[in-house]
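Subject: Structure for you, with notes on the interface

Hi,

Here is the structure I promised. Please open it first, then read the notes below.

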4 protein chains.
Amino acid sequence: MSLPAAFHDIAKRVNNWGRWGADDEIGTLNLITDEVVREAVATVRTGRRIPLALPMKQDGVQTGVMPGRVNPLHTMVQINQELFGPGTVACSDDVVTMGLQAATHWDALTHASHSGMLYNGRPAGTITAHGGAEFSGIDKARHVVSRGVLLDVARARGVARLDGGHAVTPEDLEAAEELTGTRVRAGDVVLVRTGQIQAYLAGDREAYAYPSPGLSVRTPEWFHARDVAAVANDTLTFEIFPPEIEDLWLPVHALDLVEMGMLQGQNWNLEELSTACGEEGRYAFLLSAMPEPFVGGTGTPVAPVAVL
Amino acid sequence: MSLPAAFHDIAKRVNNWGRWGADDEIGTLNLITDEVVREAVATVRTGRRIPLALPMKQDGVQTGVMPGRVNPLHTMVQINQELFGPGTVACSDDVVTMGLQAATHWDALTHASHSGMLYNGRPAGTITAHGGAEFSGIDKARHVVSRGVLLDVARARGVARLDGGHAVTPEDLEAAEELTGTRVRAGDVVLVRTGQIQAYLAGDREAYAYPSPGLSVRTPEWFHARDVAAVANDTLTFEIFPPEIEDLWLPVHALDLVEMGMLQGQNWNLEELSTACGEEGRYAFLLSAMPEPFVGGTGTPVAPVAVL
Amino acid sequence: MSLPAAFHDIAKRVNNWGRWGADDEIGTLNLITDEVVREAVATVRTGRRIPLALPMKQDGVQTGVMPGRVNPLHTMVQINQELFGPGTVACSDDVVTMGLQAATHWDALTHASHSGMLYNGRPAGTITAHGGAEFSGIDKARHVVSRGVLLDVARARGVARLDGGHAVTPEDLEAAEELTGTRVRAGDVVLVRTGQIQAYLAGDREAYAYPSPGLSVRTPEWFHARDVAAVANDTLTFEIFPPEIEDLWLPVHALDLVEMGMLQGQNWNLEELSTACGEEGRYAFLLSAMPEPFVGGTGTPVAPVAVL
Amino acid sequence: MSLPAAFHDIAKRVNNWGRWGADDEIGTLNLITDEVVREAVATVRTGRRIPLALPMKQDGVQTGVMPGRVNPLHTMVQINQELFGPGTVACSDDVVTMGLQAATHWDALTHASHSGMLYNGRPAGTITAHGGAEFSGIDKARHVVSRGVLLDVARARGVARLDGGHAVTPEDLEAAEELTGTRVRAGDVVLVRTGQIQAYLAGDREAYAYPSPGLSVRTPEWFHARDVAAVANDTLTFEIFPPEIEDLWLPVHALDLVEMGMLQGQNWNLEELSTACGEEGRYAFLLSAMPEPFVGGTGTPVAPVAVL
């Protein structure tokens, strides 16, 4: 099997290899300039802060289908331990084991490869067990503060939650954009709301996983045209499952991460944000979503916050 | 052994139990109002972003002295794995095991207890291996975006790095405040720079650990008087080591976390921020330092960012 | 709720506290004398070796119902890494994270407590996050080589696998004993086969877990009367689920581990052994089932082997 | 750099590829026949059991030099937890994270590769992060019970502990053999004692690691000639450090594991065994050293026991 011609056609159109130099490791994050940040800051009116991360816990969103992508396992190594003797101040310490892509997270550009290649034309073999990703590890993506725009596709379509089989198209994104009254522009971080995460929040992990709405293979071109810096949504896989085109698995990962060099986020809880944006009648805000700098990591948990 | 009378005197003066109600779990974070956030946003001028987290890696700051507080161990469970068959899009996945207090982190209010008690008068026994901290887990502290103020004590004293035995006093904080031209006020997150982290950055983990400057037992009263929301610094333990008062270990932890209910941060890299603040001649900025919401966690890695 | 009088009656009859001194930490393992080992060795005729551990892997027997008892997660930190330069000999290294009670395992005597007490009258509070079990950690149980006897209850009852609701009684054990032609005696390690593990081997983890046959609350007295050194079986929980007596959960754990001080093993694969014993017409053999000496561990994975 | 001609000469002489068929995954373990096991059992006289594993704990033998090879980290997820309600039987559960090669362990045949090849002519690329070792994972080596022979080189040379620079030669092995009065033969598991582990037992981890005595590059031919099934010793690396031949790192790993297909063990504590063998005047015994069956593992912790 190899990737179909249709995929390669799109790939050519959205490819950013070399755009920021042969040495570039951060792709579209280059589009978040200081000016973009100033404009992001200028969107803040009320100071209301909306956290977007799911609680980190063992019964998180992972169902066990993805081998090794384990929910956070929280254990204790000290509980009220009087390390300096009886009657002294006591400390508690915890240890966590988790998949870097298991919870609310960013995929690093190196989370996906295709045809043996990673973003900016680097060989897939530059990822090793020894050092992780030699290039474009998540530790390189250290400045993710920008203007956030919520494209509330579920609301724009008048539903609480998109159907499992729904591929979010460029037309959906533009309908949501119209709802916001804010045109997506260069350097924005776009949050696409499908409402799918309601299944998980209601306690049904399996229904959250599958079937799932997600971003259509047609969306990367739209993000490319708008020069978006990063995109996150409220689904497990980012893409629709089962896939849009038979036997074409994860094409959006390959286009966004490998070809464009654009960060993707998954399992972002956009419900409270949707309510807040609806109440305030505006969908642009200051977004801080700093990766934990795992050296060579191909992903990272993230605790994003929108400031309205 | 029990804590000395001098400790209990200070404890009485800084105690915030009940101040925000018997049910409160977040302490001084209550002081970060929406208005404070708006003022924080108003400090931004250039849009320059300074990340404050150390790289997450196995040769991190922990020396092995703190039992179980392990540096991040990064392993791979998938490397360019074509999960859907040969020639399909490939994925890489990572797993991390780490102490929640091992890297650049926040201590939750429950990281310390004394005399069998936690913040807001809860029994120490409410922390269990089963669920972690029943109250005041780090997952409760979900809105840490505020005005940040760098109190650059090293610069105010005209040195690159404070001596190992230096206890940072209220007078030091005020001298640094004067340098900034900004008075610390209610809801601020204060970052205290000692320069100590230079030892780690230069490759000497042991020298970073000990001896170390740190915050004097006299500082909690100053933070309390100013109604500071949270404090972080650039040392391993926050406090000076060896301790200021013989056999009185971790008094500042007990006062800040247990009595005041004020978050503490450690291992924050304030070097680049110090340079930037010096260049721009201002020491107040927008700070986003969102905890990863580990349910019941007594701490969390954090990837803070200052926006100038 | 507290434990019923019926439980306490049995407890009194099987209690071994003080039997091997106030300092004893290994309980009935004291019954494995060198003489017992010599007799165990004398049972060997063919030299055939039967391993009894299930494969260690992420889709192991744990279903996720027991909080934190995670199946083995196997990750790589080195894959063919030429640590000393290109062209040198390469190495591969792995890391595992797992619950000590998750796979084929021994429960340490301290895995259970009741009424605040552990084996030999020690307070439950001697188990801490800091050091694990101060007394009777699994690292103390370092000589588990003895005569093994397979009590093949399923075969004795003429079924492939006992029903989910079946409590294995002393009468069942004696019927199986009769089948073996070998009387269980002091120092033996008894393996009780229910056939339940066939469900897991056939791919049905849920059916393996529940409902399950298991050892009746009446069996501890039988093991006590025979001075058995340790008992293992081929179920997830050792006991029947749902429980024999309404609302009396895990009574056998409390009797075997806390009162008698007798090691319990679970998830032992006795299928191949059953076949071999049937073929050879004898059910006693040399058994080696050495615990991994986790300091303070309340359990351990084990790779037992029967030598026939 | 590539491996020198001298290496390849030896490699040719000890190579066992194809000897047990193209599909073989266990190499010299094939030499442990049922007859060998019966002879092993026949060596037992007193029934005395000597465990050979070091305690599993965070301050184990690893110094941090080997990236990712972490000492066992023991944490708690349940401590006396009354899972079924107050007053019910309580349970304690532990979680461990550790390098499979970190403690007393077996190297799987796939722990080493050279020139892109693994044992029996398989490509190194058959080890992946996804599944570990596709061939010759440690889970395949499930019958390690045989005759053990202690070759007490330190005693034979009349020293408590060999010097750091001492390469154990075939002549050393034969001198030790003479001491035992037992000729090593096909299927034996040979334990080579240098005494080096005394450094670790005395609390000096660094001195244990380096400089270290170890097996000379000349020993694989001797083991091959005797058709030994497996070899373990009491050092961190098995081989001498610094290496015998300049810039030739880990040649014995490549010869034993890759060429011969012979299991290697490290960090075995042979001190108590040495004393016991000296007291009893015999150096052959029944050895059980069953690998934990980690699927695809390139190593495993092991809790070996010698029965005298």
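How many salt bridges does the rule find across the interface of chain B and chain A? It finds four. Keep in mind that this is a predicted model. In one of the salt bridges, the side chain of A:Arg49 meets that of B:Asp34, at 3.5 Å from N to O.

Polar contacts come next. Across the interface of chain B and chain A there are 38 residue pairs in polar contact, with both residues at pLDDT 80 or more. On the chain B side that touches chain A, strand E3 (residues 90–99) of chain B gives the largest share, ten residues. By type, the residues on that side of chain B are 49 nonpolar, 27 polar and eleven charged.

Now the extent of the interface. In chain B, 87 residues are in contact with 87 residues of chain A. The size of an interface is often given as the accessible area lost when the parts come together. Here chain B and chain A bury about 7300 Å² between them. Carbon and sulfur atoms account for 62% of that area. Within chain B, the residues that lose the most area to chain A are B:Arg49, B:Phe84 and B:Val89. Together they make up 10% of what that side buries.

Last, strand pairing between the chains. Strand E3 (residues 90–99) of chain A pairs with strand E5 (residues 112–113) of chain B. The sense is antiparallel, over two bridges. To find the place, go to A:Ala90: its bridge partner in E5(B) is B:Ser113.

Best wishes

Terms used:
Residues are numbered from 1 along each chain as its sequence is written. Chains are lettered from A and ligands numbered from 1 in the order in which they are written. This is a predicted model: local features need pLDDT of at least 70, side-chain atom pairs count only at pLDDT 80 or more; totals for chains, interfaces and linings use all residues. Side-chain values use heavy atoms; hydrogens and water are left out. Contact means heavy atoms within 4.5 Å. Buried area is the accessible area (1.4 Å probe) that two parts lose on being put together, summed over both. A polar contact is a pair of N or O atoms within 3.5 Å; within protein, one must be able to donate a hydrogen and the other to accept it, and residues adjacent in sequence count only if both atoms are side-chain atoms. Helices (H or I, at least four residues) and strands (E, at least two) are DSSP runs, numbered from the N terminus. Ala, Val, Leu, Ile, Met, Phe, Trp, Tyr, Cys and Pro count as nonpolar, Asp, Glu, Lys and Arg as charged, and the others, Gly among them, as polar. Two strands pair if DSSP finds at least two bridges between them.
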